[in-house]
Amino acid sequence: MCHSHEWREWAGWLAASTYEHSHEREYYAIRNGVALIDVSPLFKYEVRGPDAVRLVNRVMTRDIGKCQVGRVMYTPWCDDDGKMIEDGTVARLADDHLRVTAAERSLRWFEDCGYGLDASVDEVTEELAALAVQGPNSRALLQELMPHAGLDKLSYFRLTKGKIDGFEVTVTRTGYTGDLGYELWTPIANAPQLWDSLMDKGNGYGATPTGIVALDIARIEAGLLLIDVDFFSSHKTLIEAQKSSPLELGLGWAVRFDKGDYVGRQALLDEEERGSEWALMGVEVDWVHLERLFDEVDLPPRVAGRASRSAVPLYKEREQIGQVTSHTFSPILKKYIGLASLRSLYARPGNQVEMEVTIEYSRQRARATLVKPPFFDPRRKKE
Amino acid sequence: MPDRYDAIVIGGGHNGLVTAAYLARGGLRTLLLERRPIVGGASVSEEVFPGFRFSVFSYVVSLLRPEIIRELKLPEHGLAILPLESTLTPLPDGDCLYRDADHYRTLRDIARFSPRDAEAYEDYGRTLYFMAKAVKYMLGIMPPDPTKLNPRDLIGMGGLGRHMLGLGEEKLQTLTKLMTMSSADFVEEWFESEPLKATLSASGIIGTFLGPRSPGTAYVLLHHYMGEIDGNFRAWGFARGGTGGISEAIASSACSLGAEIRTGASVERLIIKNGRILGVALQNGDEILSRTVISSLDPRHTFLRLAGEKHLPGELVASLKNYVYRGSSAKVNLALDAAPDFACRPGDGPHLRGAFSISPDLDYLERAYDDAKYGRFSRQPYMDVILPSMIDPAMAPPGKHVMSCFIQYAPYHLAEGDWDGQRQALGDTVIETLSQYIPNLKDIILHRQVLTPLDIERTTGLTQGNIFQGELSLSQLFFLRPAPGLAQYRTPIRNYYHCGSATHPGGGITGAPGRLAALEILRDLKK
């Protein structure tokens, strides 16, 4: 099925970079049809027991106590110094049962943070398949497959359960694309059948197997961060400067101080009071200026069709003020965009900056404007 | 031959060679004298059986200091370090733990035994990276003596203090723990699964007469981890042509720098007059004069045999006599007709190009030590095994293989009998133990060479066969290695120096003692 034979390492598994030779059709499936993205390599943990909520709440910066049964929350989590370990989603499956997704192994951290609490943490990464069904047609396709699951009433970041071909599937209205979309969770044994059913029924909806390359473009458009690219887990960094706090990454909205104690709270509170040194912003490259830079060497503007994960410096009047950690041409917006970590002093929407671009082996600075992400935020995402 | 050399280096092991190369590089007329017909000491490759070449003693490399590789231009002299990327720990139940360069696959395999361990593994790796970085500084300096009040020692202590404080609280604490803990306790701060704990803590017992639960072994573990290859800490490799390839490259570099190397030249005694060295006398009666003489041998030879007690202060003689060697390792080299077939991983595979660690659990290692404590070789020894011919095909005829088995424990002093009588029994034990994991082993053995600590001593001169020229215990490290007052490469005899693994920073193919000694000598001669 992976005609491109192009695979990418994802947490020790191989994930298709693209299924076809070009990622473009796959990208437009996300924005214009329905994309099927295998996200099974996510680490998954089941937290169960009378203290399950207390345990997760002790780890997370958001108030998991407010996560009612049937709700899902995106949340970062931090070390004692308030530095990001990583982020993920918490789904409340029952009063005493939560499911947490993570990009890295987190069992030891969750268990250790839950010391003394009456709750267990089990890793189910290899038992549970996860399939992202993303795009404007995702609801219609899923409704056809599971007409009784009440998907038409399922709000953003809510979950429901239903059956496809007789087996149980948990559906969460979540995703990493910033579009209308769902993620399906089912025991691994059901996964091939689930895929086949979706592809079978999905024909009329433009269902397309979609790889990581297309997803990467979509998540930048949606302003969503990627670990090891836009930030690094404080558990893995070698120097302090490589760490960042959620406040520095534009995730202040997901940090609560009114929920009682949790790991990193005091440090985050201190940072909140003194102000963060760094901030995360979007950059939009000035296309006319970029065109001119290319024109100087007699070339038409050429930007990589794929998202770049190699950071480039961001300048303000010759001074480096930060770095653009992911950048891509957005096919739907027709703009060259990126996510940047920069000195908070400069982090004002509308601020004019310069981003390094390499044109014919020569480093240039393209004018750019700071904007508040997301770049792309269709109403259908939440409607 | 000149009438008089500037420097004579006694012993052509890797440290002696490094010293000779640096002295020649410093412009000294340098002669290196080696008793055996080949240079290398314990870093030699020999064709023990026709067509089968062995790294007879020391068999892997990681610790060779990058500055030596650079400064002596060793790659130009033939040094190539081939990757040794994986470690297979076969288990008695037919399972195995397999770790290799595929990071996430390694984590998955560890997670089969304990998901917590997989997560801790990254943290552990990061901690050891910091520790290796912390001790790297110490590998590059002559140890200052905190008991002395002379300016150079004070400055040295100041530099060391600044370095230590610069590490920060947490790292300094970990380093202190590493210097004092047992390797088992250290790895148990992270891990819970036996195969991983045992295999990691085994680095703390190699060449050491201590069990994994003995305090002090955590340092030995760090000592094995502080190497770097191409800037990567903890990387281990295999020298092309065996470890002799390293010695040959250093020798070639030394010769190109103008050093003279004479093999088959055994030094009988030093010529000392009025507390000052004049030269050496060879076994054949020749006397060679030199401004300085440097011994790369261990302290028993350097001081007690060559210099003689009468030229040394009494308390120094006493402390040298108390210097602990306690050889505890043996080596079995096998020539194989075919590739070994592991019960846990039948057939060919990348695992054959890595190391195999016979360390199923911590109790296994501790029991192996129990035997040694009471003067027996381990009935079920810890082993670190590699197939050099899988990594460098030139080591054996096509399709055939050589197997290098490092054995821990084989105490130098046996409670019953002697090594000449026990040698083959040790060989049998090794093959029996390995056969539990490699069912076809007995059918494919063509030849075997069993090297007991006694054999290591006889061939290389290493006292009691201790591979580090003396234990790497805290009381014998840094400014105390090999004895107070001897740690700065100088000796009480004027112009007589020493540069072997019995000096800072100790054993392993680091070359660091040889280099640091040479730099001190050049410094003295410039005065």
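**Close-up views of aromatic contacts**

**View 1. A lysine over a phenylalanine ring in chain B.** In this predicted model, Lys171(B) places its charged end over the ring of Phe130(B). The distance to the ring centre is 4.0 Å.

**View 2. An edge-to-face pair in chain A.** In one of them, the ring centres of Tyr45(A) and Phe110(A) are 5.5 Å apart. Their planes meet at 85°, over the 60 degrees required, so the pair is edge-to-face. Tyr45(A) belongs to strand β4 (residues 43-48) of chain A, and Phe110(A) to helix α3 (residues 107-113) of chain A. The pair thus links distant parts of the chain, 65 residues apart. Both Tyr45(A) and Phe110(A) are buried.

**View 3. A tilted pair in chain A.** Trp287(A) pairs with Phe329(A). The distance is 5.7 Å centre to centre, with 55° between the planes. Trp287(A) lies in helix α8 (residues 287-296) of chain A. Phe329(A) lies in strand β16 (residues 319-330) of chain A. The pair therefore ties together parts 42 residues apart in sequence. Trp287(A) has 28% relative accessibility, so this residue counts as partly exposed.

**View 4. An aromatic cluster in chain B.** Ring pairs join Tyr121(B), Tyr124(B), Phe186(B), Trp190(B) and Phe191(B). Together these residues form a cluster.

Methods. Residues numbered from 1 in each chain as written. Chains lettered and ligands numbered in written order. Predicted model: local features only at pLDDT ≥ 70, side-chain atom pairs only at ≥ 80, totals over all residues. Heavy atoms only, no water. Phe/Tyr/Trp six-rings, centres within 6.5 Å; stacked < 30°, edge-to-face > 60°. Helix = DSSP H or I, 4+ residues; strand = E, 2+ residues; numbered from the N terminus. Buried < 20%, exposed > 50% of the residue type's maximum accessible area, 1.4 Å probe, protein only. Lys NZ or Arg CZ within 6 Å of the ring centre and 35° of its normal.
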